[in-house]
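Here's a quick briefing to read alongside the coordinates. Grab a viewer and follow along.

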Amino acid sequence: MDSAATDRFDISRFEASRNRLASLAYRLLGSAADAEDSVQDAFLHWQAADRQLIKLPEAWLTKVVTNLCLDRLRSAQARRERAVGAWLPEPLLDGDPMLGPADTFEQRESVSLAVLTLMERLSPFERAVYVLREAFSYSHAEIAEILDITESASQQHLHRARRRLPAARRRGEEVDAASARRIAEEFLTAAASGRTERLVALLTDDATAISDGAGLTEKLLQFDTPQRVAAIARAGFKPTAAKRRFAGGTMTVHYALVNGAPAVLFVVGGPVVGAVTFDIAHGKIATVRGIAAPARLVRLTEAWRQHPPDTPLIAQW
């Protein structure tokens, strides 16, 4: 095989792993843009390596991507950008390959916005062990090899991570598709009509809401009682001329699944200008997340542009 053919073969071997590597990086970083950058950096490492000496390309690439992500999580810039109270994960439309694998409950849970948010509480090593074990089913021996730690250390990191993340499992649950859509539509209808009592009835007693303020505030906006959540939802879902000017035009409102959770999307033409997601617990809404910072919606917009046309919940908002 000549050198050009070898290069093409090696590139094809990398491309065969690209989606898996991107889904690993997304879970570790919570950012699709950073995940794509990490995978591209791994490709440069792959090209520069003596690939004839790499016996197990998948294991080698997994180790490279994981450690590139750990470097990002440990960097001073990342610590500033991901400061508590100022960071939300980047939402992805269901069907995005970055959300895979999704065969088991643990795999789907590991990519939920609730778990991605709470993983900010973990150390980089705890986060890496949790993702490699829960989402990709690596053994502790394999994780030890990837992270250059002992098997015992891997087990300890996983134990600490699981102990710190149970709140995510209490805050949300898997809901059948019909019920999820019905709850989201009821919330939208009640909020748009200003029916505060109906909104409160749709919320759990400890419901919370989080908003990135469309990227205009340094800190996230947080609301921590059903009454406050209902009030902010009523104000936020009320259409106004000022909101249309800010968004760039009249919006349509669509139902979608985002990171496995029910959501409503606000769309102007092609771009998604806002996403509101819901965590469901015991048939009610436990968490509402409003995401409208343009930088967080780039990949979701790209996916939405390719989404089959649907009937909007609200044709002109």
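Which residues lie nearest the centre of the largest pocket? They are Ser 211, Ala 214, Gly 236, Gly 290 and Ala 292, out of 37 residues that line this pocket. Bear in mind that this is a predicted model.

**The largest pocket**
- The space in the largest pocket comes to about 920 Å³.
- Strands that give two or more residues to its lining are strand 1 (203–211), strand 2 (221–223), strand 5 (272–281) and strand 6 (284–291).
- Helix 13 (226–236), helix 14 (241–247) and helix 15 (298–305) also give two or more residues each.
- Strand 5 supplies the largest share of the lining, with five residues.
- By type, the lining of the largest pocket splits into 28 nonpolar, six polar and three charged residues.

- Six strands form an open sheet in the order 2-1-6-5-4-3, and the pairing is mixed.
- Strand 2 and strand 3 (252–258) sit at the edges, each pairing on one side only.
- From one strand to the next, the twist averages 15°.
- Strands 1 and 2 run antiparallel and are joined by three bridges.
- Helix 11 (residues 177–193) lies across strand 1, strand 3, strand 4 (261–267), strand 5 and strand 6.
- The angle between helix 11 and strand 3 is about 145°.

**Helix 7**
- Helix 7 (residues 124–134) is mostly covered, with eight of its 11 residues buried.
- The buried ones are Glu 126, Arg 127, Ala 128, Val 129, Tyr 130, Val 131, Leu 132 and Glu 134.

**Arg 13**
- Arg 13 is found in helix 1 (residues 3–29).
- Buried or partly exposed? Arg 13 has a relative accessible area of 24%, and buried means under 20%, so Arg 13 counts as partly exposed.
- Leaving aside residues up to four places away in sequence, Arg 13 touches Trp 46, Arg 51 and Pro 57.
- Arg 162 is 149 residues away from Arg 13 in sequence, and their C-alpha atoms are 34 Å apart in space.

Methods: Residues are numbered from 1 along each chain as its sequence is written. This is a predicted model: local features need pLDDT of at least 70, side-chain atom pairs count only at pLDDT 80 or more; totals for chains, interfaces and linings use all residues. Side-chain values use heavy atoms; hydrogens and water are left out. Buried means under 20% relative accessible area, exposed over 50%, partly exposed in between (1.4 Å probe, protein chains only). Helices (H or I, at least four residues) and strands (E, at least two) are DSSP runs, numbered from the N terminus. On a 1 Å grid over the protein atoms alone, a cavity is a set of points where a 1.4 Å probe fits but cannot get out, and a pocket is an open set with protein on both sides within 12 Å along at least five of seven lines; lining residues have an atom within 4 Å of a point. Grid points are joined across faces, edges and corners, and a volume is the space filled by probe spheres set on the points. Ala, Val, Leu, Ile, Met, Phe, Trp, Tyr, Cys and Pro count as nonpolar, Asp, Glu, Lys and Arg as charged, and the others, Gly among them, as polar. Two strands pair if DSSP finds at least two bridges between them. Axes are lines fitted to C-alpha atoms, for helices over the stretch in contact, and angles run from 0 to 180 degrees between N-to-C directions. Contact means heavy atoms within 4.5 Å.
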